Amino acid sequence: MIRNLWYVVLESKELDSVPVGVTRLGERLVFWRDASGTARCLFDRCAHRGAALALGKVCESGSIQCPFHGLEYDSTGRCVRIPANGRDAPVPPEFKMRFYPTHEEFGIIWIWWGDDPPVNLAPPSFFDDLKTMRSWRTVMDPWDNHYTRVLENQLDVVHLPFVHHNTIGRGNQTLVEGPGLEWRADTLFFVYPYNKKDDGSKPRGPSEVPVPPVDREFKLELIFPNIWENYIAKKMRILGLFVPVDETHTLLYLRVYQSFMKLPLLKQFVDWIMCRYSLVIAHQDRRVVNTQLPKGDGIGKGELLIRGDYPIMEFRKKRMELRAAAEAGRPRSS
């Protein structure tokens, strides 16, 4: 995992009036909403005796109270009250737990997973074309591999006619031209597939295909570190949130957005069908990705990549840059 980045960790609907304890990025974390309804995040451990704060409650002040001895913590992880010492007793400064800044928007909760967040921390990035779309349906799916393995699979255009031979990979388009790739920002790129049937011709390389294409809208989009969009058409998108649980487990949140059907009941049915179909496709992938060895981040693991893996190469190259920046202590905002 790379520190000093914004990571999607939850959907907003998963957090209401009671604390929620989850494992994210290999750490036990607690989330709750303070008195203003703002999502907050702490390391899920009381400084006193190590109990899980997630089993506690939210106080009227918006602080979170430990279920064991009633210690209360504010949104910065500072203990503000130790009941046994008296309500006016000062709290020793060492009674403090690690906190992570949060950002909530578009029905998503991010945390900035770092040690020293900058004072003027910029919010995380999101896809511009989805910012105005207020209706979606989500399905969540557990995977048994590192989140980057799961995400890289969505950048892999080579596997389509094999893993998805009877769904989205029909047509035996095994010859991979390109793929085209376009960097749109420091941590955002678009991928344009150009697969076709093997007609004996020499496939064009990534620098030889039109970027962007002139004849279609379809593309794959990635925002580092863990958000992906399948731009199927102007009125149909699929969003993937690749939530790191630990080094070998990931929660994949698949969201479907569509605006071609607006009649309420029919819209719900179409959204449901799209979610189920997306899950069928995801499970075709999961069956294989869960077997990839070694487990964990694929960087430096001795894989032999081919030209069709160009988007994965670019993904790994950028991750190495982000890792180097984090290790050098340079905070990043996205």
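Select strands β12 (residues 175–185) and β13 in this predicted model. The two strands run antiparallel, and eight bridges join them. Find Glu 177 and look across to β13: its bridge partner there is Tyr 194. Now trace the turn. β12 and β13 form a hairpin, with two residues between them.

Pick Leu 188 and find its bridge partner in β14, Ile 223.

Is β13 mostly enclosed or open? Color residues 188–196 by burial. Eight of these nine residues are buried, so β13 is largely enclosed by the rest of the structure.

Stay with Tyr 194 and show Arg 216. The charged end of Arg 216 sits over the ring of Tyr 194, 4.5 Å from the ring centre. For another case, select Arg 3 and Trp 113. Arg 3 lies over the face of Trp 113, at 4.0 Å from the ring centre.

**Aromatic rings**

Next, show the aromatic side chains. How many aromatic pairs does the structure hold? There are 11. Start with Trp 136 and Tyr 257. Their ring centres are 5.8 Å apart and their planes meet at 50°, so the pair is tilted. This pair links distant parts of the chain, 121 residues apart. Trp 136 is in the loop between β10 (108–113) and β11 (137–143), while Tyr 257 is in strand β17 (residues 249–258). Compare their surroundings. Trp 136 is partly exposed, because its relative accessibility is 27%. Tyr 257 is buried, with a relative accessible area of 1%.

Move to Phe 224 and Phe 315. They form a stacked pair, 5.3 Å centre to centre with 20° between the planes. Phe 224 lies in the loop between β14 and β15 (227–233), and Phe 315 lies in helix α4 (residues 310–327), so the pair ties together parts that are 91 residues apart in sequence. Phe 224 counts as buried at 4% relative accessibility. Phe 315 counts as buried at 0%.

Then select Phe 106, Trp 110, Phe 126 and Phe 127. These four form one aromatic cluster.

**Empty space inside**

Rolling a probe the size of a water molecule over the atoms shows where empty space is left. Here, one cavity of 30 Å³ or more turns up. The largest cavity holds about 50 Å³ of space. Ten residues line it; Trp 6, Trp 110, Pro 124, Phe 224 and Pro 225 lie nearest its centre.

Select Leu 160, Ile 168, Phe 218, Asn 230 and Ile 281. They lie nearest the centre of the largest pocket, which is lined by 32 residues. Its volume is about 710 Å³. Which element gives the largest share of the lining? Helix α3 (264–289) does, with six residues. β13 is also among the elements that supply at least two. By class, the lining has 19 nonpolar, nine polar and four charged residues.

Finish at the second largest pocket, with a volume of about 290 Å³. Of its 16 lining residues, select the closest to its centre: Asn 153, Asp 156, Gln 292, Glu 303 and Ile 312. Elements α1, α3 and α4 each give two or more residues to this lining. The classes here are six nonpolar, three polar and seven charged.

Note on methods. Residues numbered from 1 in each chain as written. Predicted model: local features only at pLDDT ≥ 70, side-chain atom pairs only at ≥ 80, totals over all residues. Heavy atoms only, no water. 1 Å grid on protein atoms, 1.4 Å probe; cavity = no way out; pocket = protein on both sides within 12 Å on 5 of 7 lines; lining within 4 Å. Points joined across faces, edges and corners; volume = space filled by probe spheres on them. Buried < 20%, exposed > 50% of the residue type's maximum accessible area, 1.4 Å probe, protein only. Helix = DSSP H or I, 4+ residues; strand = E, 2+ residues; numbered from the N terminus. Pairing = 2+ DSSP bridges. Phe/Tyr/Trp six-rings, centres within 6.5 Å; stacked < 30°, edge-to-face > 60°. Lys NZ or Arg CZ within 6 Å of the ring centre and 35° of its normal. Nonpolar A, V, L, I, M, F, W, Y, C, P; charged D, E, K, R; others polar.
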